[in-house]
Amino acid sequence: MTYKVKLDVFEGPLDLLLYLIKKEEADIFDIPISKITEQYLHYLEYMELLDLHIAGEFIVMAATLMHIKSRLLLPPDEQPPEEVEEEDPRAELVRRLIEYKKFKEAAGELSELERRRSMVFPRSVDETQYIDQTEGPYFEASIFDLINAFSTILKSVSREAFLEVVKDEFTVEEKVHELFHMLVEQPVINFKDIFKKSRSKIELIATFLALLELIRLKEVMVRQHNIFGEIEVVRNPNNIGPKLKAAVEGTPNGTV
Amino acid sequence: MELSEAKKIIEALLFTSEKPITIEQMKEVLEEVDAKDIKTALADLQTEYETLGRSFKVYELAGGYQMVTMPEFADYLKKFYRVKSKDKLTKPALETLAIVAYRQPITKADIEDIRGVNVDGVIKTLADRQLIKITGRKDAPGRPILYGTTKEFLDRFGLSSLNELPKLGEFTESDIDLSELKQGLGGQEVQDGTGEVTQEDRPVGQEDNTAPEQQGAAERQDRPAEGEGK
């Protein structure tokens, strides 16, 4: 498959770490490095399997994690040089994560300010000012939620299905259209259901990449009622228009 | 001029203006009335509308004042004007914007340090939407470009100035007692070149500010054990 979804529209390595820490219900000040590193690498494998364009930053973080892990395994120095306080090898990472988390939270607050601002109208109504926020108690699922859900689906597909000789080739483009038609008929689809028709691993992957592409193009949104809950795929109410065809056929230009 | 007279003139200005009017602009018209009295008049107007239960209010936005409708009528107005939605900002875009807003002026490299990813695309999007702009160049090797937020940013988020940004995060560096990290193993400082962490909970005032009271200006805290343990 020569189809790469650019991940920079989605989240980065720090997001993945925060996601894993939350998922493991781990204490950010006492990160279980072994476990988190293992999981982190696991996600990278999935990203590779999906042939997602993995940014170099993800690899650098993997190396950082392994470095920290190895240092935690070393016995402490017999004679600490003078009275230099030995810092936890994880300290630097914790600092970065916390610093980053502050801004993630600030981004959430900005989003709320934007919503409030969109409720008041000045004397001249700007026709594009209103930001639809009728999403209710949902929040957007992250790329890691999607990968997580997808890994469950890959595992649950029976081996037999994989042994079937499937000659058909699937292109992501076809899947984009298929998915789009599904959403026209049924505006809210459970994440699992978009894979119902898929017969092979290749087809599953093509479907998943099609979903990512539609998210990137802001044609669809993925949302959850609660953290790590079921994922629903919905059409983006802000973007219902006939732009899709042109956007898919043209080269993806990776705008955010 | 009587204050009550000035108040009526201000009301007339606000009523007709499609854009926020600054105190300075009002002063030009009202001549002998000073800024303090104009502020009082604006507050009076606001109280009046509130007590009368009007459907509009005086709103301080992007350094000026404007009449806007009350939020509860949003749905009807939206219907009437067939208002379309503005393109929503993606999470990475909002995060990057938050970093620029709180840490401006800031270079792309510094933003990337915090976010841990390349931000070329996001910076372009934010600049295209005029939410950020180039504010200068840093006096450092390569003279990297510095970014800051714009008036459009303030408008979009309903802020009158940068000082109105919500306080940043409940964690501050001082809350993190690093000695409490439960394992004190390891002999070296991790070298991953993130550079120093500056601590400031509010952005430093910049030209768009009407009330440039500067707070928390880049107060640096040295990291414990920085460069030690070798």
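Which residues have the most contacts inside the largest nonpolar core, and how many residues does that core have?

A: This is a predicted model, in which local features need pLDDT of at least 70 and side-chain atom pairs count only at pLDDT 80 or more, while totals for chains, interfaces and linings use all residues. Residues are numbered from 1 along each chain as its sequence is written, chains are lettered from A and ligands numbered from 1 in the order in which they are written, and side-chain values use heavy atoms, with hydrogens and water left out.

The largest nonpolar core has 98 residues, and those with the most contacts inside it are A:Tyr40, A:Phe191, A:Leu211 and B:Phe153. Such a core is a set of buried Ala, Val, Leu, Ile, Met, Phe, Trp, Tyr and Cys residues joined through side-chain atoms within 4.5 Å, where buried means under 20% relative accessible area, exposed over 50%, and partly exposed in between, with a 1.4 Å probe and protein chains only. Helix α4 of chain A, residues 91–117, gives the largest share of this core, 10 residues; helices (H or I, at least four residues) and strands (E, at least two) are DSSP runs numbered from the N terminus. Another core, of 16 residues, lies apart from it, and B:Ile21, B:Val33, B:Val58 and B:Met67 are among its members.

To see the surroundings of one of these residues, take A:Tyr40: leaving aside neighbours within four places in sequence, A:Tyr40 is in contact (heavy atoms within 4.5 Å) with residues including A:Pro13, A:Leu16, A:Leu17, A:Leu20 and A:Phe58.

From C-alpha to C-alpha, A:Leu204 and A:Ile194 are 9.3 Å apart in space, and they are 10 residues apart in sequence.

For chain A as a whole, there are nine helices and four strands, and 51% of its 256 residues count as buried. Among the contacts in chain A between residues at least 6 apart in sequence, 70% join residues at least 24 apart.
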